[in-house]
Amino acid sequence: MTPASTTNTMSTSSSTASSAAPTTTTMSTIYSTASSAAPTTTTLSTSSSTSSSATPSTTTMNTSSSTASSAAPTRPPPVECLNGGLLLDGVCLCADDWSGDTCSEENFCKAEKLNELNFPRTPVGWFSYSEELCLEGSGAGKPRAATRCSNNNGSLGFQRPQFLQCSLTLSDILQNITTVEDYDMLATSAQILTSNPEELTAENVTTAAEITNMLLLSPNITESARTAAVATVSQLLNARVLDDTEENTATLNLTQTLDELHLKLRSDPSTFESQVVQPNLVVQSAQVSAADTRGVQFTSLKGTSGSFVSDRIQLNTNTSTVVVENGFVADALIHVQFAPAADRNPEQSRVSLGFVLYQNNRFFRSSLYKARHSTVRVLSASVRGQNHRVVPQRVEMMFRPTLRSGTALYDFACVSWNYTLNDWSTAGCSKGNASDGAMRCICNHTTSFAALQLIIDVFDYAEDLGLTPILGYSFEILGLVVTIIFLIQNKESLQSNKQVKITLLSLCGSLLGFIITFLTGAIQSDKADDEPPALKEPNVIPPTDEHVEPERISCTTVAFLLHFTLLATFMWISLYGHLMMKLTFKRQLPEDWTYLSLALGWGLPAVVGGITMAITYTTADPQGYRQEEFCWLAALDKNKHFDFGKPMFWGMILPGTLIIIYNFVILIRISLERGRKRPDHTSSSCPLAVLVGFCCIFGYVVLNSTGRNHMVFSVLLCTSAIIMGFLFLLLFVVPTQSFTSSIKTSYNLQKPVETTTSTESYRSVNTQL
């Protein structure tokens, strides 16, 4: 994405510094972005125009305090974004190898064969590695050569390839760097040896960091060697190694060297480029007139990927406020404001500035703040003047965080990096207005700055069940209550067996407890707010980038009771089926069967529920045990996908499935034993288990669905609940002799009696009653 009316140019004056030792102030800005690769819809529109020190910008808008001095021009939105570009707020976000308003301009070198080696297509400014590899030596498996794609006055092409000595190692390069003056060979070799960063060890990273640090500090380094060293640093940012003290020291030293690199870049503009852009690192330098400039703004524009390319890095060398213009989308922005011209030292003629943009915080490891679910970008800047120290009057940062789906910005902290403590501090920084979701920081001193974000998961809380499911559950509750009352009032043991009666009472009681708990507690009125609170003071460093909702004890209690009662229901169904199988085969039950069944039916679910909670529940992270949307066992991961490691699977689904399978086995054995005899309720444990399972599934889906799906599964839940209620009556009440006798008695009471004048007949009827 390239602005139509702006350029990447900047002041290139090469006036020499006075003999007085210059002083340096540095600042470093950091903001967090999600690891998700999917494009985000949060944007920051910024101007990327570059004005000369003598020509003030006329199309600016002060986003921090004041209104626009003039209306910013609005470009018509493109009709179509080409070559994989994405349209966002009327702007085409281009892939790394395309640019222009519609992503139609080539920004890459085509695949080419150079010196008998094949190099793939590569974006401008990046390095391309040969497809041919070293076959032997310590560099076996590494590319044999590297070349850079460059733009020479509009002509895109690869530079002369630099070859790797396949026998060299990083340790060899470190040992020879002070004696060998072929910096190009050493820098290229180190670059190629680190071209597969995922294979690097902590020792490799430490050695490579020391090599690049020495190369960049060397007064005799060439432009190509310096560029290769910057590319090596870019690759080290992708290394996947554990925290290592020696490596951390080496990489932190490297960040300080990069902060000073702008002086080398600007010392001889004819020799060094003022901008080097690699996929994970940007080094930008500029010199401005202290008498004329009002402030300098560095902006990184957004593309479809998180990588950096040269046409998306912009610098405005004369702006008094943060400049925002329609038609551009930015990832990061920092503005350094200087004192008014009347308040400046007249001897201060030139100011040197440098910016270094890191893809992540690989070199800035904090013990106070851990980024668990997001990648942290670092933007550092340094300012140096002649004769006297240059102290910016104000440093302002503004970022819109890139968030993965289902999350929102909850809060953030404005901090500064302390190289003495090797960590972040809130001293001297305050948070700006964040009502629109952007992170703004304002600081009163010049050092390394950061905006550490705190992310919250945005939950789609369950809707109320509605009338349809409640109606179905009402029928089921009625059926269970009638069954329990009948079993208690019936003085004759069901089928002359006390164990059967106890089992059925326990089964009805556990299922009734589950339904009542579900209706009254699954959806709680004190659920968390759908929107995060307003961002405000205090300015406190969060321990991680993830905000967890405070614990709701009532919701966790409901989740445990639901788990316990549902698991108990399945256990009692299984015990009932086992008991029926014993009676069918006329086998003797153990003498302590009653106590054993009570221990298994109630004790085992309590043990499983307790173990599940003990393993997965903490007050700091209750979502490890239960869901936030409603009070039930956790089942989904951060991406809303079913997770087999969550308690929903191994704490409920797995044991429930095993019980259903066992009841199928019981059904088959009983059916084979009876042959063609008509089955009765003694073989009903399997359909009961299946029906309970369907009720649970439908209830879970109802809480997780909206719209048409919510209505469909509400009807299914209602139907299954009604069937369940009637099934208990049909299986355990209607077939009994007591129920039949009561029905016959009621029928006889309502049957009309023939009229007779015989006294004897009247007495006969009374006797029957």
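1. Cys414 and Cys441 form a disulfide, with 2.0 Å between their sulfur atoms. A disulfide here is a pair of cysteine sulfur atoms within 2.5 Å. The link is left-handed, with -85° about the S-S bond. Cys414 sits in strand β22 and Cys441 in strand β25 (residues 439-443), so the pair ties together parts that are 27 residues apart in sequence. Helices (H or I, at least four residues) and strands (E, at least two) are DSSP runs, numbered from the N terminus. Cys414 is buried at 0% relative accessibility, and Cys441 is buried at 1%. Buried means under 20% relative accessible area, exposed means over 50%, and partly exposed is in between (1.4 Å probe, protein chains only).

2. A word on the source. This is a predicted model, where local features need pLDDT of at least 70 and side-chain atom pairs count only at pLDDT 80 or more, while totals for chains, interfaces and linings use all residues. Residues are numbered from 1 along each chain as its sequence is written, and side-chain values use heavy atoms, with hydrogens and water left out.

3. How many disulfides does the structure hold? It holds seven. One of them joins Cys109 to Cys149, S to S 2.0 Å. Cys109 is in strand β6 (residues 108-109) and Cys149 in strand β11, so this pair links distant parts of the chain, 40 residues apart. The torsion about its S-S bond is about 85°, so this disulfide is right-handed. Cys109 is buried at 2% relative accessibility, and Cys149 is buried at 0%.

4. Cys94 and Cys103 form another disulfide, their sulfur atoms 2.1 Å apart. Here the torsion about the S-S bond is about -90°, so the link is left-handed. Both Cys94 and Cys103 are buried.

5. Now the charged pairs. Side chains of opposite charge can pair when their charged atoms come close. A salt bridge is a side-chain nitrogen of Lys or Arg within 4 Å of a carboxyl oxygen of Asp or Glu. The structure holds 10 salt bridges. One of them joins Asp331 and Lys302, at 3.7 Å from N to O. Asp331 lies in strand β18 (residues 330-337) and Lys302 in the loop between β16 (295-301) and β17 (313-316), so the pair ties together parts that are 29 residues apart in sequence. Both residues are buried.

6. Lys431 pairs with Asp411, the closest N and O atoms being 2.9 Å apart. Lys431 is in strand β24 (residues 429-431) and Asp411 in strand β22 (residues 407-418), so parts 20 residues apart in sequence are tied together. Lys431 is buried, with a relative accessible area of 12%.

7. Buried or partly exposed: which is Glu396, and which is Arg394? These two form a salt bridge, with their closest N and O atoms 3.6 Å apart. Glu396 is buried, at 4% relative accessible area. Arg394 is partly exposed, at 28%. Elsewhere, Glu247, Arg362 and Arg365 are linked in a network of salt bridges.

8. Check two backbone angles. Most residues other than glycine have a negative phi. Glu116 has a positive phi of about 65°. Glu116 lies in the loop between β7 (112-114) and β8 (117-119) and is exposed at 64% relative accessibility. Asn153 also has a positive phi, near 55°. Asn153 lies in the loop between β11 (145-152) and β12 (155-158) and is exposed, with a relative accessible area of 84%.
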